[in-house]
Amino acid sequence: MTTSKDIIGSWQARSLEFDEDDGSGILGQRNTDDTSTRTKITHLQGLGYGIVGTVLSVAYGSWYESPAALCVMQFRFRAKEGVGRYKNAEIWVSFEPRASSDNDASRASHPIIRSFYPENNRSKGPHVGEENHLLSGTIPSSSTVTSSSNIFVRQWPADEYRIKATTWSSKDADEPHEVFWKLFEAEGIGFSGPFRAVVTVKATTAFGLKLRKLPWSYDDPILFDGETKKGRSPPSSDFSNITESDFLGYICDPAISVTSLPANLAETAVKQPETKPQSGDKSKTVFRIRGIPSACSRDDLVELLQAWLGVAKEQFQLRSFTPNPYRDERMAMLSFTAIPAALTLPSPKKEWRIEGSLPLQEDQTANTRKVVLHFDTHFYGFSALGLSSISSSNYTADIIAITGLGGNAYTSFKEPGGPHMWLQDALPIDLQKSVNGLVKPNSERILTYGYNTQLENNQSFQVIDDLARQLRGSLRAIREGDLCKRPIVFIGHSLGGLVVKQLLVQLNQGDEVDKSNLKATRGALFFGVPSLGMDIASFIPRTNPQTNRTLVDSIGTDSQFLPLLAQQFLIAFDFRDSIIFSFYETRLSPTAIKINGKWERTGEPKKLVDIESAINGRPWESDSRFIMPIDRTHSEMAKFEPCSDDYERVLGCLMLLLKDASDIISARFHSLPA
């Protein structure tokens, strides 16, 4: 039998860790089918505050022979110490019929609130002084049954919250169907057909910060169909026959949200091993997140991801967390041991949006701010890497890596079959060491740049000049004002190097901002850049003659574009204090063939870019100091595993480019006309 002591121990205030329960749906997603019921009512969390509402159980039975529902809800509040604590919390619930048409709605009757718990915790009763944070009730549907008073009364000590509940009816209803509490966790509803609940939650701190959460809009409420149950069944399906002790024991049961198993399956279920996420190819996927508020810390983001995606912090890894190069917000990269359901929904664009709310600071008029996190795996545009917390204006140099044909701006620089991404996981740490071995603050901004050059099913007919123009516009967007005088080092793989060359040609023909970005370019590292063309025979069958075939033809050995680019590049980027390192492949690359309707790299191995094409550059960079082999295939030239000797050589080249870069670029601006 549940005692008052049990109740107090179960419900007294404590430090809360907000978790998803086993039945929670995807937060921030709408009930598009208008039939399903999410068990998570609301989840507002961030900056040390939180409000979480959950449907613990839903049972259908009777109240004095009339159809009735018994719903147990739990609301948890988390705040800070001192004046940061909540001084009050309020919750409104309105029950409405759910009809399929306006005509049905005009004939439908509101569910009727018949009993709720507690009604007023200051009522005198036999249990004065006991602490209880529970509220509940049962409500039959028969309009002839009068509203009952609170059946179970408890009173909190004077230093605890006061609870006072009120029911009322709107103009179009004869019976009470709305209830207001100063903290509540369960209520009962009598109904004659499917119904819904609209909930509003508000909490106020001692210094006046208000958190208000409208969990679902009025056209997307909590839905109850009269059939679908959740959690354990109550002691009796006739709710009017449940004794007070049994009723309280049911509400306080910590396993109330777990559906009871049939007796013949219970033993088997206990013996089942814990299911753990399986790590397959999909679990290695890295997602980029944009739209993170600038005030959000790494810990805040971890809390938000747990709350909004329904994952434990052990199930994902935050790999990068940096300022967004485009705007005053933050950007992150993360991977999962098992991808959350919200990010497995079909998306041709490889983009997903997760919406939620965050509490605002006390000096702002609104109580919460709607936040939309944008997830993607295409990595188009600029992506910042590392764990830097300095603002975009305080970096001393920009390192920009650009992927090749059909590549991904993230995976093109990640070890094959593994999680190590050297631009993110190794380079920021290694750049903190100066040439004399001392550790310095990380001051270089590391960026990747992605664009759409997929071969199959691509409707884009852009060519190298178009790709360079896009990069030119993006570069101007992230290097405004004096930032365009900050040193740049480019890293280009294959087609990416050609895009860099064409970019520098365009900058030489541009305005003052463009010419400043050109002067600020310290140098580049080119990996298998086909300056004289490459073998494109295995690419052509994968292209569309009406769209991207022109792009692929332009990088072939018969290209008419590449000789012209080579001439223009020598004129545009003729700084003798700049350096370009060229790397060439020394391993055959498997080509793609179509097997069962799918392209796979199991075809005849070929040399895609020969050495003459890869090292064709500026005449003064033709000796071995600037030309280096990499014993890898073409696609894996810039994919380094941890402790790779190839990476160490590349790091040495980067360190040489960054050494005295600020002085060299500054001298260009002082000695050359703007």
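Buried means under 20% relative accessible area, exposed means over 50%, and partly exposed lies in between, using a 1.4 Å probe and protein chains only. The model is predicted: local features need pLDDT of at least 70, side-chain atom pairs count only at pLDDT 80 or more, and totals for chains, interfaces and linings use all residues. Residues are numbered from 1 along each chain as its sequence is written, and side-chain values use heavy atoms, with hydrogens and water left out. Helices (H or I, at least four residues) and strands (E, at least two) are DSSP runs, numbered from the N terminus.

**Positive phi**

- Most residues other than glycine have a negative phi.
- K350 is not a glycine, yet has a positive phi of about 60 degrees.
- The loop between β14 (329-336) and β15 (351-359) holds K350, which counts as partly exposed at 45% relative accessibility.
- N457, also not a glycine, has a positive phi of about 55 degrees.
- N457 lies in the loop between β19 (444-450) and α8 (464-478) and is exposed, with a relative accessible area of 77%.

**Helix packing**

- Helix α10 (residues 512-519) packs against helix α15 (residues 661-671) at an angle of about 140 degrees, with the axes 10 Å apart.
- This makes α10 oblique to α15, since angles under 35 degrees count as roughly parallel, over 145 as roughly antiparallel, 65 to 115 as roughly perpendicular and the rest as oblique.
- Axes are lines fitted to C-alpha atoms, for helices over the stretch in contact, and angles run from 0 to 180 degrees between N-to-C directions.
- S516, L518 and K519 in α10 meet I665, R668 and F669 in α15, where contact means heavy atoms within 4.5 Å.
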